[in-house]
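Please look over the structure shown below before reading on, and keep it in view while you work through the report that follows.

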Amino acid sequence: MISITDIHKHFDDQEVLHGISATFEAGKTNLTIGRSGSGKTVLLRCIVGLLTPDQGQVLYDGRDIHRLGKREGALLRQEMGMLFQGAALFDSMDVFHNVLFPLEMFSTKTYREQLQRARFCLDRVGLIEAEGKMPSELSGGMQKRVAIARAIALEPRYLFCDEPNSGLDPISSRLIDRLISDITHEYGITTIVNTHDMGSVRGIGEQVLFIHDGCAEWTGTSHDIDGTDSPHLREFLDHV
Amino acid sequence: MNEFYQLGYNSLFIVILMSFFIGALLCVQIKINIWSPWMPRFTIGYAMREVLLLEFASSIICIILAGKVGSNIASEIGTMRVTQQIDALDVMGVNSANHILLPKILAMVSAVPLFVTFSVASGIVGAYVVCKLGGFLSMADLILGLQHCYEGWHLWTAYIKSFFFAFIIASVSGYFGYTVRGGSIEVGRAGTNSVVVSSVLILFTDLLLTNLLMA
């Protein structure tokens, strides 16, 4: 479980997050939705530790990522997997070595087991036949699937996805959504997905956090979302 | 080894090519513009050797490498930054600066001093070829000039200077690439800035090291 409390973040003189608090439960697909520029990505970057919030706490099962020592922080990071908006695969490596990379860096498995694990992850996302290809040879959807395989290589407890469907066609989007949801339930991972795709919300969303202008405006389940009394969420739903 | 191959070995051809022509051109220029009947004939070979050893093989070659390799490093790392590959490393818990920059710095400081040897050798070959084909100087005079008052320390200063310059190229370019914020325009700007700053720092360090090593 990840809980965030009173997260504030500003850049120069502009405050982007105005004290967001929320809880993201384990074994569930937690969705953060909101308009572009609402602060979803900044919040996610604060949660994963790429940005340090000006104020507030981010607790991973009781461990505050921003107050951990170097060693503890590194250990916590090995429990995290992240799917970036642009997949962020390493250009210099082929698909297989992209997936193998975190295993080579951190796994205590033997090299043979690491190879097996990398193949298993690629097989899990249905891309075992593309293992020798370079990232530039793959479509956007395939790159996202490889990024998912890389994110789950170390069997993470926490999975983060920033706009996993951006730039994808509806069929590929649903495929990525299904993959994220299945992996979350299969391994009991705490998953946080940033999206503004209502197809994802209705398809895989279990817990939903709606952010408007840097504030947590509404939280609930995807089933409750249509009955919301939040005017901004209502407006958001009406325009998608 | 991969970085050594990419940053070092791939630059070897341009180093050899440029040094060959500079060696040849130095001979031609000295013969046409400086040489007089009052000067011994071997002066041409002697002056060419000193220029190659004291400045060209280390400083000028490194300024050329700052343009070729430095901009390559800055734009490669900058692209990694804007495509979130560095963020991906950070999220995994990998020390991204260490993981990306250190192999490049090590590759450069080990490859560039080797270039000094190739540069001096190909400069001499260039001079030899132009003297042989153009008839500017007899082989005996060229060889006498190359051997005249030879100071082994001059070659060592070239190695020492190139070691420092290689560090400057890799670290300055790496810094500009690593700290890129934005998109393709900023990546391009980082490449340009890295070349400018590296070149100025190389010249400044050259001045400093020359005073320290040759005084």
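How many salt bridges does the rule find across the interface of chain B and chain A?

## Where the two chains meet

In this predicted model, the rule finds one salt bridge across the interface of chain B and chain A. The partners are Asp87(B) and Arg45(A), whose closest N and O atoms are 3.1 Å apart. The side of chain B that touches chain A takes its largest share, seven residues, from helix H3 (residues 85-92) of chain B. Sorted by class, that side of chain B has five nonpolar, five polar and two charged residues.

The contact as a whole takes twelve residues from chain B and 19 residues from chain A, and the area buried between the two chains is about 1400 Å², with carbon and sulfur atoms giving 66% of that area. Between chain B and chain A there are also three residue pairs in polar contact, counted where both residues have pLDDT 80 or more.

## Helix H1 of chain A

Arg45(A), the chain A partner in that salt bridge, is one of the buried residues of H1(A). Helix H1 spans residues 40-48 of chain A and is mostly covered, since eight of its nine residues are buried. Among the buried residues are Lys40(A), Val42(A), Leu43(A) and Leu44(A), and also Cys46(A), Ile47(A) and Val48(A). After H1(A) comes Gly49(A), whose phi is positive, near 90°.

## Two domains within chain A

The domain assignment of chain A gives domain 1, made of 9-79 + 156-240, and domain 2, made of 90-155. The C-alpha centres of these two domains of chain A lie 24 Å apart, and 17 residues of domain 1 are in contact with 13 residues of domain 2. The area buried between them is about 1300 Å², of which carbon and sulfur atoms give 68%. In domain 1 of chain A, the residues that lose the most area to domain 2 are Gln78(A), Pro156(A) and Leu179(A), which together account for 40% of what that side buries.

Between the two domains of chain A the count is one salt bridge, and Glu186(A) forms a salt bridge with Arg124(A) in which the closest N and O atoms are 2.6 Å apart. Helix H6 (residues 170-187) of chain A gives the most to the side of domain 1 that touches domain 2, with eight residues. The residues of that side of domain 1 divide into ten nonpolar, three polar and four charged.

## Salt bridges inside each chain

Side chains of opposite charge can pair when their charged atoms come close. The structure holds 22 salt bridges over all chains, and one of the pairs is Arg63(A) with Glu79(A), which meet at 2.8 Å, N to O. Arg63(A) lies in strand E5 (residues 63-64) of chain A and Glu79(A) in the loop between helix H2 (70-77) and strand E6 (80-83) of chain A, so this pair ties together parts that are 16 residues apart in sequence. Arg63(A) and Glu79(A) also belong to a network of salt bridges that links them with Asp61(A) and Arg157(A).

In chain B, the side chains of Lys104(B) and Glu76(B) meet in a salt bridge, at 3.1 Å from N to O. This pair links distant parts of the chain, with Lys104(B) in helix H4 (residues 96-134) of chain B and Glu76(B) in helix H2 (residues 43-82) of chain B, 28 residues apart. Lys104(B) is buried, with a relative accessible area of 2%, whereas Glu76(B) counts as partly exposed at 30% relative accessibility.

Technical notes
Residues are numbered from 1 along each chain as its sequence is written. Chains are lettered from A and ligands numbered from 1 in the order in which they are written. This is a predicted model: local features need pLDDT of at least 70, side-chain atom pairs count only at pLDDT 80 or more; totals for chains, interfaces and linings use all residues. Side-chain values use heavy atoms; hydrogens and water are left out. Buried means under 20% relative accessible area, exposed over 50%, partly exposed in between (1.4 Å probe, protein chains only). Helices (H or I, at least four residues) and strands (E, at least two) are DSSP runs, numbered from the N terminus. Domain bounds come from an automatic or database domain assignment. Contact means heavy atoms within 4.5 Å. Buried area is the accessible area (1.4 Å probe) that two parts lose on being put together, summed over both. A salt bridge is a side-chain nitrogen of Lys or Arg within 4 Å of a carboxyl oxygen of Asp or Glu. Ala, Val, Leu, Ile, Met, Phe, Trp, Tyr, Cys and Pro count as nonpolar, Asp, Glu, Lys and Arg as charged, and the others, Gly among them, as polar. A polar contact is a pair of N or O atoms within 3.5 Å; within protein, one must be able to donate a hydrogen and the other to accept it, and residues adjacent in sequence count only if both atoms are side-chain atoms.
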